[in-house]
Each structure stands twice: as C-alpha cells, then as structure tokens.
Amino acid sequence: GCSEMELPCEEAGMNDETFWTRLAEGHASLKSLRASVRLARNHEFMVAGELIKPGDEIALIPPVSGG
C-alpha cells in the first residue's frame with residue numbers, strides 16, 4: 001500500500017529475518033510473500049543472515065521471469 005517507508009534499525013543492525021519480522025508487524029499482508037520476495041540492500045541482492053545497518057536502503061524484489 002506504499003512505495004516507501006522507514007523502519008527503525010538499531011545501531012548494531014538487524015539481519016534479514018529480523019527485518020521481515022518487523023516489517024510484517026505493521027504490514028501483515030507481506031508475511032505471505034516472504035518465500036517469493038528477495039531483499040536487496042543498497043542495490044545488491046542480500047544473502048541470508050546479512051546485516052542491515054542504519055541508513056541502508058532495502059528493496060523488496062518480486063519474482064520476475066523472462067527470456
């Protein structure tokens with residue numbers, strides 16, 4: 001329902017799972033997308049467990065197809 005939002009982040013950072021948990025707290029409809037949406041941090045795909053730090057830009061990348 002929005003194109004952009006800010007999510008508070010502790011100084012030490014949070015990992016991708018913590019990000020999803022906090023995001024779903026305010027946007028429950030996103031929970032079902034977790035398995036099919038990838039995260040990008042500062043224009044680079046994230047890997048599991050990677051830390052998100054204050055000031056990082058996180059993008060939710062939906063599944064795409066093409067040829």
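Modeller: Let's open with a definition: two strands pair if DSSP finds at least two bridges between them. Please keep in mind that the model above is predicted.

Colleague: Thanks, that helps. How do you know that E2 and E5 pair?

Modeller: Four bridges join E2 and E5 in the antiparallel sense. The definition asks for at least two bridges, so E2 and E5 count as paired strands. To see one of the contacts in the structure, go to alanine 40, whose bridge partner in E5 is alanine 59.

Colleague: And what makes E2 and E3 a pair?

Modeller: Strand E2, residues 38-41, is joined to E3 by two bridges, and the strands run antiparallel. Since the definition needs at least two, the two bridges of E2 and E3 meet it. Here you can look at arginine 41, which has glutamate 44 as its bridge partner in E3.

Colleague: In what order do the three strands of the open sheet lie?

Modeller: The order is E3-E2-E5, with antiparallel pairing.

Colleague: Which residue in the turn of the E2 and E3 hairpin has a positive phi?

Modeller: That is asparagine 42, with a phi of about 50°, in a hairpin that has two residues between its strands. Histidine 43 also lies in the loop between E2 and E3, and its phi is near 75°, again a positive value in a residue other than glycine.

Colleague: Why is histidine 43 called exposed?

Modeller: Its relative accessibility is 69%. Exposed means over 50%, so histidine 43 qualifies.

Colleague: And why is asparagine 42 called partly exposed?

Modeller: Asparagine 42 has a relative accessible area of 32%. Buried would need under 20% and exposed over 50%, so asparagine 42 falls in between.

Colleague: Let's step back. Which pattern does the protein follow along the sequence?

Modeller: The pattern is β-α-β-β-β-β, made up of one helix and five strands.

Colleague: How do you know that the protein is as compact as a globular protein of that length?

Modeller: The globule rule gives 11 Å for 67 residues, and the radius of gyration is 12 Å, which is close, so the protein is as compact as a globular protein of that length. Along the principal axes, the C-alpha atoms fill a box of roughly 40 × 25 × 20 Å.

Colleague: What share of the 67 residues is buried?

Modeller: Buried residues make up 19%. The accessible surface is about 5,000 Å², with 53% of it belonging to carbon and sulfur atoms.

Colleague: How many positive and negative side chains are there?

Modeller: There are 6 positive and 11 negative ones, and the centres of the two sets lie 6 Å apart.

Key:
Residues are numbered from 1 along each chain as its sequence is written. This is a predicted model: local features need pLDDT of at least 70, side-chain atom pairs count only at pLDDT 80 or more; totals for chains, interfaces and linings use all residues. Side-chain values use heavy atoms; hydrogens and water are left out. The radius of gyration is taken over C-alpha atoms; the globule rule is 2.2 Å times the number of residues to the power 0.38. Buried means under 20% relative accessible area, exposed over 50%, partly exposed in between (1.4 Å probe, protein chains only). Accessible areas come from the Shrake-Rupley method with a 1.4 Å probe; for residues, only the protein chains shown count as cover. Lys and Arg count as positive and Asp and Glu as negative; His and the chain ends are not counted. The place of a charge is taken as NZ of Lys, CZ of Arg, CG of Asp or CD of Glu.
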